[in-house]
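Here are my notes on the model. Please read them with the structure open.

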Amino acid sequence: QVQLQESGGGLVQAGDSLRLSCAASRRTSSNNAMGWFRQADGKDREFVASIGWKGGGARIADSVKGRFSISRDNPGSTVYLQMNNLKPEDTARYYCAVARTPVATESTEFYRWWGQGTQVTVSS
């Protein structure tokens with residue numbers, strides 16, 4: 001059984017920064033793409049960022065482009081989401097996931113294992 005553990009969330013003010021981390025089994029994740037998704041209260045889960053198994057081919061959602069970046073051990077079992085200049089609309093629970101393929105993708109259909117999430121709350 002694969003287990004993912006997110007950390008780094010918290011309560012911050014607009015303009016602050018946070019760095020989220022997600023640790024997973026090396027044997028399970030080292031040859032697979034990984035991604036970050038978020039879900040705000042009352043809304044659908046949405047794509048944030050993904051990265052290929054070698055650390056290339058990164059994809060970033062337009063809503064966070066220029067503020068967020070994704071990185072990982074290459075290859076590795078830990079993925080990071082650096083969040084700068086946070087805004088109230090970034091408030092959500094953030095989830096990391098491991099894909100079934102080595103190629104970065106925005107589609108939830110290609111992610112096999114999911115973490116329990118970490119809450120990020122941004123006050124104005």
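Where is Gly42 placed?

1. Gly42 sits in the loop between S4 and S5. This is a predicted model, and that applies to every point below.

2. Is Gly42 buried or exposed? Its relative accessible area is 81%. The cut-off for exposed is over 50%, so Gly42 counts as exposed. Gly42 and Ser123 lie 81 residues apart in sequence. In space, their C-alpha atoms are 18 Å apart.

3. Now take Arg67. This residue is in the loop between strand S6 (59-60) and strand S7 (68-72).

4. What does the side chain of Arg67 reach? It reaches the backbone oxygen of Ser63, at 3.3 Å. Setting aside residues up to four places away in sequence, Arg67 also touches Gln82, Met83, Asn84, Asn85, Leu86, Lys87 and Asp90.

5. Next, the core. The largest nonpolar core has 31 residues. Trp36, Val48, Phe68, Leu81, Met83 and Tyr94 have the most contacts inside it. Elements giving two or more residues to this core include strand S3 (18-23), strand S4 (34-39), strand S5 (46-51) and strand S11 (118-123). S9 gives the most, with six residues.

6. Which residues does Val48 contact, beyond its neighbours within four places in sequence? Among them are Trp36, Phe68, Leu81 and Tyr94. Val48 is also in contact with Arg38 and Arg59.

Key:
Residues numbered from 1 in each chain as written. Predicted model: local features only at pLDDT ≥ 70, side-chain atom pairs only at ≥ 80, totals over all residues. Heavy atoms only, no water. Helix = DSSP H or I, 4+ residues; strand = E, 2+ residues; numbered from the N terminus. Polar contact = N/O pair within 3.5 Å; in protein donor to acceptor, adjacent residues only side chain to side chain. Contact = heavy atoms within 4.5 Å. Core = buried A, V, L, I, M, F, W, Y, C linked by side-chain atoms within 4.5 Å. Buried < 20%, exposed > 50% of the residue type's maximum accessible area, 1.4 Å probe, protein only.
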